Amino acid sequence: MLNKPFHSPSTASFLDNIRISRLQALFRRGELALVVLAVGVGALAGLLVSLMSFLSTELHRHVFGVEGTLSGSHVSGAIVLIGPITGGIVLGLIFFILSRTRKRPMLDPIEANALHGGRLSLTDSIIVTVQNIISNGFGASVGLEAGYSQIASGFASKIGGKLKLRRGDMRIIVGCGAAGAIAAAFDAPLTGAFYAIELIIGSYTVTTLAPVMVSALTAKIVAKQIIDHGITIKVGRIGEITPSDYVPAILLGVICAVIAIVLMQTVSLIEETARKSSISQTFRPVLGGVIVGFLGMISPQVLSSGHGALHINMNTSSTLQALVMVFLLKSLASAVSIGSGFRGGLFFASLFMGSLIGKIFAFGSVLFPGMSLAPVIYGVVGMSSFAAAVIGGPLTMSFLALEVTGDFPITALVLASVITTSLVVRVFFGYSFATWRFHLRGETIRSAHDVGWIRDLTVGKMMRADVRSAKLSMGIEAFRKEFPLGSTQRVIIINDDGRYLGIVLVPEIHAEPLGRDGAERSLDSYLRFQKDVLLPTMNVKQAAALFEATKSEALAVVSDRVQHRPIGLLTESHTLRRYSEELDQRRREASGEF
């Protein structure tokens, strides 16, 4: 009998910890390990997208009795109304349970990467994904792309947390999850990769590109083996694109921008109206389901995300009145769905609505003799431009046009229109749909660019707590004895109750003993920055702004605005040095220099 080595539980645990530490060190070592990790994240994203798509399709089949896409079917009757209402009831029950068990807001990948270094709760991501499947499966006018990105990024963040990745690498791996999700959803790896770069990571570097692209390609390959997903638009032979063709495309970009701004504000108006009303969050989705159901009875094309409806309208000729009606119905259904609390995004809905705007725009050829292209081409241009306005990511939508059509000349037209749209939205509105919702919640972020470290670097972390203070009542002579020249540079003055009164400079007191009338000056005449103080919760950027505004070299830190008790001192030089060090560290992480 062979003797097997015996390990006590403590020894086994110790060995496990060594293996985990070695694994963590491996993935913190360099770019190649991160790319290997991206392969796993991409494969997982492909599987998750396939599972979500299957569950949504099954709900469509069991609830509405349709095979294939819900918006492209001929479903009719009472079930069109009952479906969204039932979904609203189920979602309302979930909101009711969550209101009693969870108080913190749920983050999405953009907010997690911008403010929290990629730390995203997997539990919250699963909850959001389940809500998204229910909303889409029961016919609400929302897409699954938000859920795809959420669940894939949530798992990526969980894996990154277990491996204790650096902040910069964590943000990249969360982007890899989102890239894989969108690539698998649209069978478009370039679209997925640039979705992550533009919207989830917020910046492009050579270090970022490799893992993100690998994840997107892996997710596409995995999902392709399981589901036949994605969209393909056949544009036929279009001939040569001339310079005159760019003028209508640019005009279409402006139109898409204006309509998108109106749509985003409409969604916000509905949400704000619902919040201010007496209707509780539990019953809002039910009311929204009633409205969406009635709109679906007019045209089932407004139901769900709109995959089937997009193909119907892009590949067939419709009257101007029919296109306008479907656009208005879909816009209202999407706004009501999001505004009433259904979970999901406007990614595919914006593509569908943009294609309708493009087809409607094509009817203007009688007014613009230079419009010689087929309506389907303007549909592609409008699709990309409107989505770029709502979702953001001009390069993402340009690559989407390339990958769904396979036509390079059209992509050039799309790029011109998308750039125009993005510029107009940026100048006159300033937000995409996601960042606009952050703004309404009080957040100031406009992209996923990493600004969370600025908030983490607070005055409380930078200040010196060992500062010297004195009471105003001690008098000038006692002060000079207590603080001789050279003992310290500054002293914080407080009253008998310990409240902050100001700062005095010790050299100034010893150098100027007399006032203009020849009498000795009182201690309170030396007080500086009596109203200018820092709070421990202020971040480094706010502190630097206050130093600039007051032209001071140092300011006192008080406990709060009410008690006003001094707890420390912070100098401008130390603040700027810490800010510079942290900024340099983020740049090194972004460029891959460790």
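How many bridges join strand 1 to strand 2, and do the two run parallel or antiparallel? The first legend has the answer. This is a predicted model, in which local features need pLDDT of at least 70 and side-chain atom pairs count only at pLDDT 80 or more, while totals for chains, interfaces and linings use all residues. Residues are numbered from 1 along each chain as its sequence is written, and side-chain values use heavy atoms, with hydrogens and water left out.

**View 1. Strand 2 and its partners.** Strands (E, at least two residues) and helices (H or I, at least four) are DSSP runs, numbered from the N terminus. Strand 1 (residues 469-471) is parallel to strand 2 and joined to it by three bridges; strands pair if DSSP finds at least two bridges between them. Here Ala470 has Ile493 as its bridge partner. Strand 3 (residues 500-505) runs antiparallel to strand 2, with five bridges, and its Tyr500 stands opposite Ile494.

**View 2. The two sides of strand 2.** Arg490, Ile492 and Ile494 point one way, Val491 and Ile493 the other, and all are buried (under 20% relative accessible area, 1.4 Å probe, protein chains only). In a regular strand, side chains alternate between the two faces of the sheet.

**View 3. The hairpin of strands 2 and 3.** Five residues lie between the strands, and Gly498 takes a positive phi near 85 degrees.

**View 4. Asn132 in helix 5 (residues 122-137)**. Asn132 is buried, with a relative accessible area of 1%. Beyond its neighbours within four places in sequence, its contacts (heavy atoms within 4.5 Å) include Met52, Leu144 and Arg343.

How values were computed. Buried means under 20% relative accessible area, exposed over 50%, partly exposed in between (1.4 Å probe, protein chains only).
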